[in-house]
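Hello! Here is the structure I promised to pass on to you. Please open it alongside this email, and then read my notes below.

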Amino acid sequence: MWKTLAALVLFATPALAQERLSAYDALRIVGVHINRDAVNHVISVTGTHGDPQPATWRILVADRGGSVREIQIKNGQVASDRPSSVVGSSEGATIKTSRLNLDSSGAFQVASHIADKSGTRFDSASYTLRNDQHGDPVWIVTLHAVNGQPVGTIHIGANRGTVTRTEGMFAGATMQDVQTEREVPRDVRSENPDEENGEEHGPFHGVRQRLRPYFQRAQDEANGMFDRVRRSFSDYINR
């Protein structure tokens, strides 16, 4: 499918090329539409069912007075700009764009590699760029089957390109089954009755033990790929 897509791109018209902007391209348009500083107040960037990039990017920007506005970018221009229905404070939610080193195109390549290593087939990809619980920007890429159903999700750090977790991949294991958090030392006794001496013996113990090496190998390869797809947003927006 992707070979066919690549061939089509070579002969695409300018209008078609504009429909498949990356997230960085969409953010540049926001900066022109509002002002250059607007890209420093972005809360999230989302796009659904990309092939591999989505036709429309939805960008939430923190406005003056604590309000939030939603800007949709399509065909290389602003399709809509309106107050957002998002409820809650935007304080601390804005993305530090100076820390962005991975465009949506690079996030797709990393996610596609993980999917290939896990044997997950997909037809399209949806993207969300936002801060994680530590305030670091992260790409959440959800892969969809031909019928639109999600078949897997990959979390990729937008600063260093580290794959931190997956869901619905690697033989159907959940992200908790193969997530890359550090293991608890063996001399630390857990309060969980299914754990003994820091080693889990719950229902997913076998899944973790079997899949962790495959996931870690795929993660290491994806981290190596980051060197090839790395793209600084600061360099891009200031060029």
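**What I found**

Where pLDDT is low, the predicted coordinates should not be read in detail.

This is a predicted model, in which local features need pLDDT of at least 70 and side-chain atom pairs count only at pLDDT 80 or more, while totals for chains, interfaces and linings use all residues. Residues are numbered from 1 along each chain as its sequence is written, and side-chain values use heavy atoms, leaving out hydrogens and water.

The average pLDDT of the chain is 78, and 68% of the residues score at least 70. Among the elements, strand 5 has the highest mean pLDDT (98) and helix 1 (residues 2-10) the lowest (36).

Now for the fold. There are seven helices and ten strands in the chain; these are DSSP runs numbered from the N terminus, with at least four residues (H or I) for a helix and at least two (E) for a strand. Eight of the strands form an open sheet with antiparallel pairing, in the order 4-3-2-1-5-6-7-8; two strands pair if DSSP finds at least two bridges between them. Strand 4 (77-83) and strand 8 (163-167) are the edge strands, each pairing on one side only.

Strand 5 and strand 6 (residues 137-144) run antiparallel and are joined by eight bridges.

Is asparagine 131 buried or exposed? Asparagine 131 is buried, because its relative accessible area is 12%; buried means under 20%, exposed over 50% and partly exposed in between, using a 1.4 Å probe and protein chains only. Which backbone oxygens lie 3.2 Å and 3.0 Å from a polar atom of its side chain? The oxygen of alanine 93 lies at 3.2 Å, and that of threonine 94 at 3.0 Å.

For the chain as a whole, 43% of the 239 residues count as buried.

Enjoy exploring!

Methods: A polar contact is a pair of N or O atoms within 3.5 Å; within protein, one must be able to donate a hydrogen and the other to accept it, and residues adjacent in sequence count only if both atoms are side-chain atoms. pLDDT is the predictor's confidence in each residue, from 0 to 100.
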